[in-house]
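Have the viewer open and follow along.

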Amino acid sequence: MSGVEPAYLITGATGFLGRHILEVLTRTRPRAKIVALVRDPSTWKRESWTSDFPSVSLVTGDLFDVEQWKNDPPLSQIDGIFHLAAIVKHTRESPEEMIRVNVEGTANMVRVAADKKCRIVFASSSGVLGCSKVADAVPDETAPYCDATVAGWPYYASKIRAEREARALADKLGVELVVFRPPVMLGPGDHRFRSTSNVLRLLEGRLPFILKGEMHFVDIRDVAEAMVRAMMMASPRPSYNLPGHVMSLDGFFRRVANAAGITPKWKSLPGKLLWYAAKVNELTGRHLHVLPDPVVIEMAGHRWGISSLYAQSELEFRPRPADETLRDTVAWLRQNKAA
């Protein structure tokens with residue numbers, strides 16, 4: 001890392017994880033220079049929470065026009081890149097833009113890191129190796145990708161491809177690439193109400209049934225802390241899994257209901273029945289939104305556990321209690337989501 005006051009570029013700074021990375025950076029490195037890549041500066045300015053970060057500089061651009069912005073004055077010195085920007089969609093419908101952003105966009109940011117001679121910390125997903133039909137599977141960082149299992153799920157397939165291509169390019173260009181693999185991230189501050197959408201559905205009484213399946217989640221605040229620590233380390237590992245809490249979907253929603261003071265009223269339905277209904281919904285184009293996408297139903301029938309050889313010892317990563325995360329998520333959603 002160069003200079004007394006480090007400088008960092010963040011892609012996806014207006015997202016859920018970006019918000020928390022900003023919070024950790026400004027709290028732990030208050031003199032650091034932070035630059036956010038944004039497609040539209042007005043989007044940043046419209047968000048009320050961004051006023052908490054008045055010193056953040058903005059560079060206008062996207063993941064595909066890097067030659068137009070990478071030499072802008074705020075980027076004259078960059079000591080590290082947090083690459084968080086991605087499209088997350090669990091569907092087989094029109095995946096082209098998601099694949100382009102997740103794969104080509106990541107490769108382009110590796111090229112920027114090569115140009116700036118800096119480290120890049122990349123947010124991937126535990127689903128690239130932590131998806132199995134084996135009940136006690138808890139793969140660590142040495143495990144192979146689960147290509148065959150997720151081949152029909154474009155999001156996870158895109159993340160595997162992004163990791164592979166980014167690693168090959170980083171090795172070729174001499175870039176230090178550090179990959180993080182968290183499961184579903186929950187916690188306060190999901191201003192786009194995406195990662196916490198199912199929790200919100202329960203709070204709003206829009207959860208008539210749930211799938212029989214499994215859930216794996218981690219607190220986004222713990223993820224952000226770990227990623228920032230890795231950026232500051234002298235020699236981080238090439239990749240880190242960030243295991244959280246694995247439980248049945250019924251158990252998960254019961255804990256959310258307990259945190260919210262809600263009496264559980266949903267029905268647990270078998271995945272096969274829902275899959276056939278959702279497939280008919282998909283094929284006929286009816287788009288009955290009460291039914292999940294077939295991909296979501298298929299995912300629920302798998303195991304999602306992971307483990308880590310390094311996260312605790314090297315990054316002090318210890319996921320906070322599940323109920324603390326859920327209480328804070330519920331409290332934030334109730335305070336910030338308009339009725």
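## Glu163, tucked away

Is Glu163 buried or exposed? With a relative accessible area of 3%, Glu163 is buried, because the cut-off for that label is under 20%. Keep in mind that this is a predicted model.

Glu163 sits in helix H6, which covers residues 154-173 and lies across strands S5 and S6. H6 runs at about 165° to S6. So what does Glu163 touch, once its neighbours within four places in sequence are set aside? The contacts are Phe122, Ser124, Val128, Tyr145, Val179 and Arg181. Of these, Phe122 is one of the residues of S5 and is itself buried.

## S5, covered on both sides

Strand S5 takes in residues 119-123, and five of the five are buried, so the rest of the structure largely encloses this strand. In a regular strand, side chains alternate between the two faces of the sheet. For S5, one side carries Arg119, Val121 and Ala123, the other carries Ile120 and Phe122, and all of these are buried.

Strand S4 (residues 80-83) joins S5 through four bridges, and the two run parallel. If you want a spot to check, Gly80 has Arg119 as its bridge partner in S5. S5 also pairs with S6 (residues 177-181), again in the parallel sense and over four bridges. Here Ala123 stands opposite Phe180 of S6.

How do you get from S4 to S5? Helix H4, residues 96-116, belongs with S4 and S5 to a β-α-β unit, and that unit is right-handed.

## The seven-stranded sheet

Now zoom out. S5 belongs to an open sheet of seven strands, ordered S3-S2-S1-S4-S5-S6-S10, with parallel pairing. The edges are S3 (57-60) and S10 (239-241); each has a single partner strand, so one side of each has no neighbour in the sheet. From one strand to the next, the twist averages 20°.

At the S10 end, three bridges join S6 to S10, and the two strands run parallel. Phe180 turns up again here, standing opposite Tyr240 in S10. Helix H1 packs on this sheet as well, touching S1 (7-11), S2 (33-38), S4 and S5. The direction of H1 makes about 165° with that of S1.

## H1 meets H8

The crossing itself is right-handed.

Which residues make up this meeting? From H1 come Phe16, Leu17, His20, Ile21, Val24, Leu25, Arg27 and Thr28. On the H8 side they meet Ile220, Arg221, Val223, Ala224, Glu225, Met227, Val228 and Met232. H8 covers residues 220-232 and lies across S7 and S9, running at about 55° to S9. That takes us to another sheet.

## The three-stranded sheet

Three strands form this open sheet, in the order S7-S9-S11, and the pairing is mixed. S7 and S11 are the edge strands, each pairing on one side only. The twist averages 40° from one strand to the next.

Where does the mixed pairing come from? Strands S7 (residues 184-186) and S9 run parallel and are joined by three bridges, whereas S9 and S11 (residues 245-248) run antiparallel and are joined by four. On the S11 side, His216 is bridged to Val246.

S9 itself (residues 214-219) is mostly covered, with six of its six residues buried. Both of its faces are covered: Glu214, His216 and Val218 are buried on one side, and Met215, Phe217 and Asp219 are buried on the other.

Conventions: Residues are numbered from 1 along each chain as its sequence is written. This is a predicted model: local features need pLDDT of at least 70, side-chain atom pairs count only at pLDDT 80 or more; totals for chains, interfaces and linings use all residues. Side-chain values use heavy atoms; hydrogens and water are left out. Buried means under 20% relative accessible area, exposed over 50%, partly exposed in between (1.4 Å probe, protein chains only). Two strands pair if DSSP finds at least two bridges between them. A crossover is right-handed if, with the strands pointing away from the viewer, the path from the first strand over the helix to the second runs clockwise. Axes are lines fitted to C-alpha atoms, for helices over the stretch in contact, and angles run from 0 to 180 degrees between N-to-C directions. Contact means heavy atoms within 4.5 Å. A crossing is left-handed if the near helix is turned anticlockwise from the far one by less than a right angle, and right-handed if clockwise.
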